[in-house]
Amino acid sequence: MPDIHSIVVLTGAGISAESGLATFRGPDGLWEGRRVEEICTPQALAADRGLVLDFYDQRRRALAGVAPNAAHEALARLDAEWPGELLIVTQNVDDLHERAGAKRLIHMHGELLSALCERCGGRAPFAGDMIGGPRCGHCDADALRPDIVFFGEMPYAMDHIDRALMDADLFVSIGTSGAVYPAAGYVQTARYRGADTLELNLEPSAGSMMFAESRLGTASRLVPEWVEEVLRAD
Ligand code: OAD
């Protein structure tokens, strides 16, 4: 393994699949017959607020019945033991990375356990249901929505992520189909800057050809193996 100091890990729904959370584009990836892209938009929220809030209320409730799996735990171990730079960028809105203990973590698509006020823009931790739920703790408006980046909105922490990609020696993508930008383009940015690139996924993703190496299998097997490899080589 070449000299590595700085690692960026991107995760997607596939890393949480073995914890029991459905992926977006798999056979269970539909909700009431709709594609998630039809529900998770500002237009859908404006047209049918109840539908969108209910979708995320159900997802928030589902968190109570799941736990981190071996892949989340392995990344938390990497976070604790890796002496160089590390950034875990997740597209997931669940809290399984942090429950496993990961600290150097960004939720680029937002979080189920956070609320965003449409009136004042305030963000605050949130548990429970949004339908019939509380008012904004900052401005008292009755305008809370899920703190989720909808299609057409800007993901969080783009500057931070771009800087990490510019400095990365190794970029690793785990459990994501590579269908949604900007995350799907991170492999190209990292490669352009000279980073080594590795994909760990159940099946080839849309961007598999962009990676120097692609390993196919379950995240719960591949991620602990890779973490062991990286920590041993250091
Ligand atoms: P997808 O559902 O598009 O892709 C999940 C990927 O994980 C697929 O390539 C699967 O083959 C793979 N996979 C499934 N089970 C796996 C396992 N046990 N181990 C390893 N890989 C497995 O989910 P994402 O790529 O995360 O956006 O989707 C990206 C974004 O699209 C999401 O963040 C969400 C969605 O619309 C927003 O909500 C804004």
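## Ligand site

In this predicted model, the ligand is surrounded by 23 residues, and the closest of them are Ala-13, Phe-24, Arg-25, Thr-176 and Ser-177. Sorted by class, this shell consists of nine nonpolar, eleven polar and three charged residues.

From the backbone, a polar atom of Gly-175 is 3.3 Å from a ligand oxygen. From the side chains, a polar atom of Asn-201 lies 2.9 Å from an oxygen atom of the ligand, and an N or O atom of Glu-203 is likewise 2.9 Å from a ligand oxygen. Taken alone, the ligand exposes 800 Å², of which the protein buries 94%.

## The six-stranded sheet

Six strands form an open sheet with parallel pairing, in the order β3-β2-β1-β7-β8-β9. Strands β3 (105–107) and β9 (213–216) stand at its edges; each has a single partner strand, so one side of each is left without a neighbour in the sheet. From one strand to the next, the twist averages 15°.

Within this sheet, β7 (residues 170–174) pairs with β8 (residues 196–201) in the parallel sense, over five bridges.

Asn-201, whose side chain has a polar atom 2.9 Å from a ligand oxygen, falls within the residue range 196–201 of β8.

## The three-stranded sheet

A second open sheet has three strands in the order β5-β4-β6, and its pairing is antiparallel. Its edge strands are β5 (123–125) and β6 (144–148), each of which pairs on one side only. On average, neighbouring strands here are turned by 45° against each other, with direction ignored.

Strand β4 (residues 110–117) pairs with β5 in the antiparallel sense over three bridges. In this pairing, the bridge partner of Ser-114 is Pro-125 in β5. Helix α4 (residues 49–62) packs on this sheet and touches β4 and β6. The direction of helix α4 makes about 55° with that of β6.

## Backbone features in loops

Most residues other than glycine have a negative phi, and most peptide bonds are trans.

The peptide bond that joins Tyr-181 and Pro-182 is cis, with an omega of about 10°. Pro-182 is placed in the loop between β7 and α8 (186–192). Asp-140 is not a glycine, yet has a positive phi of about 70°.

Definitions and conventions:
Residues numbered from 1 in each chain as written. Predicted model: local features only at pLDDT ≥ 70, side-chain atom pairs only at ≥ 80, totals over all residues. Heavy atoms only, no water. Pairing = 2+ DSSP bridges. Helix = DSSP H or I, 4+ residues; strand = E, 2+ residues; numbered from the N terminus. Axes fitted to C-alpha atoms, helices over the stretch in contact; angles between N-to-C directions. Near = heavy atom within 4 Å. Polar contact = N/O pair within 3.5 Å; in protein donor to acceptor, adjacent residues only side chain to side chain. Areas by Shrake-Rupley, 256 points an atom, 1.4 Å probe, with all protein chains shown as cover. Nonpolar A, V, L, I, M, F, W, Y, C, P; charged D, E, K, R; others polar. Contact = heavy atoms within 4.5 Å.
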